[in-house]
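This report is written for a reader who is meeting the structure for the first time. Please look over the sequence and the model shown here before reading on.

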Amino acid sequence: MELNRLTASRQTVFREMKDYVMIALGMIFYGIGWTVFLLPNDITTGGVPGIASIVFWATGFPVQYTYFIINACLLLLALKILGFKFCVKTIFAVFTLTFFLEVIQKVTADIHLLSDQPFMACVLGAFFCGSGIGIAFSSNGSTGGTDIIAAIINKYRDITLGRVMMICDMIIISSSYFVLKDWEKVVYGFVTLYICSFVLDQIVNSARQSVQFFIISKKYMEIGKAINALHRGVTIIDATGFYTGQEQKMMFVLAKKRQSTTIFRIINDIDPHAFVSQSAVIGVYGEGFDHFKLKKSKKEELEIRS
């Protein structure tokens with residue numbers, strides 16, 4: 001029992017360390033996209049980075065300081081309303097991005113990429129930013145900013161997080177016109193927002209996409225053991241063929257989408273004549289997959305606090 005607890009504790013520590021490393025990597029990606037491609041080409045984006053960019057173009061005040069000050073105020077508000085658990089990784093992400101923004105700007109001070117190709121700068125910058133946010137989100141992190149505002153509003157009002165963030169981002173990007181005086185740059189800002197959101201969705205969803213298999217084969221024991229070696233469970237279901245009337249064993253398997261090719265190869269190597277059905281599933285929750293994410297009612301929250 002003690003050994004199991006120690007193993008579980010080590011796994012938890014390793015998982016948390018991995019999350020923080022991935023969040024730091026995501027912030028580096030975001031910093032490159034923002035300060036190397038977007039900022040020098042006067043292309044804004046949504047959220048607090050968008051506000052920091054507008055302040056920089058208007059006054060010359062460094063973006064990392066504006067970003068940090070605004071997020072510090074929002075985090076203090078979030079700590080009071082949403083609690084420490086929500087904020088801990090966001091605090092880490094904010095400090096990490098603030099640090100790397102200064103480092104990246106110093107390293108690339110004499111570099112001005114794609115100055116005559118704003119659309120390519122927009123695409124590449126959005127790709128790096130979207131990838132950075134996606135990596136952070138996949139590791140249960142957050143970049144702060146409008147995420148915090150959206151979470152606070154969502155707690156008290158029945159408005160989706162996506163809608164709140166979209167409204168905030170549209171207002172911020174549109175506001176850049178008052179500084180840049182160029183509608184073309186505003187349009188590039190909206191293109192950046194769209195590409196960034198698309199890349200973010202691809203990274204987050206690809207990491208969580210799952211598939212299910214129904215496999216009918218006389219060699220079900222061999223196939224089941226081989227799939228078990230991938231650390232995926234196999235459920236054996238007693239089935240009867242309606243046409244033949246024969247009793248058969250049917251395997252039910254849930255796996256990550258990236259494991260589909262490996263599972264098909266296993267089946268083909270053991271029994272090329274097996275009958276296989278594969279389909280995508282919207283969500284899988286439990287051991288080895290996602291955790292349940294249920295919002296507690298106000299009554300339940302009050303009971304827990306009391």
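## The sheet

Two strands are taken to pair if DSSP finds at least two bridges between them. In this predicted model, four strands form an open sheet in which the pairing is antiparallel and the order is β2-β3-β1-β4. The edges of the sheet are held by β2 (234-240) and β4 (275-281), and because each of these has a single partner strand, one side of each is left without a neighbour in the sheet. On average, and with direction ignored, neighbouring strands of this sheet are turned by 20° against each other.

Strand β1, which covers residues 210-216, runs antiparallel to β4 and is joined to β4 by seven bridges. Within β4, it is Phe 275 that stands opposite Ile 216.

## Helices packed on the sheet

Helix α10 (residues 220-228) packs on the sheet, where this helix touches β1, β2 and β3 (247-256), and its direction makes about 15° with that of β3. Helix α11, made of residues 260-270, also packs on the sheet; the strands that α11 touches are β1, β3 and β4, and the direction of this helix makes about 10° with that of β1.

## A nonpolar surface patch

On the surface, a nonpolar patch is formed by Met 166, Ile 167, Met 170 and Ile 171, which together have about 370 Å² of accessible area. One of these residues, Ile 167, is found in helix α7, which spans residues 161-175. Ile 167 has a relative accessibility of 44%, and therefore counts as partly exposed, since that class lies between the limits of 20% for buried and 50% for exposed.

Conventions:
Residues are numbered from 1 along each chain as its sequence is written. This is a predicted model: local features need pLDDT of at least 70, side-chain atom pairs count only at pLDDT 80 or more; totals for chains, interfaces and linings use all residues. Side-chain values use heavy atoms; hydrogens and water are left out. Helices (H or I, at least four residues) and strands (E, at least two) are DSSP runs, numbered from the N terminus. Axes are lines fitted to C-alpha atoms, for helices over the stretch in contact, and angles run from 0 to 180 degrees between N-to-C directions. Contact means heavy atoms within 4.5 Å. Patches are made of residues with over 30% relative accessible area and no salt bridge: like charges are joined within 9 Å, nonpolar side chains (Val, Leu, Ile, Met, Phe, Trp, Tyr) within 5 Å. Accessible areas come from the Shrake-Rupley method with a 1.4 Å probe; for residues, only the protein chains shown count as cover. A salt bridge is a side-chain nitrogen of Lys or Arg within 4 Å of a carboxyl oxygen of Asp or Glu. Buried means under 20% relative accessible area, exposed over 50%, partly exposed in between (1.4 Å probe, protein chains only).
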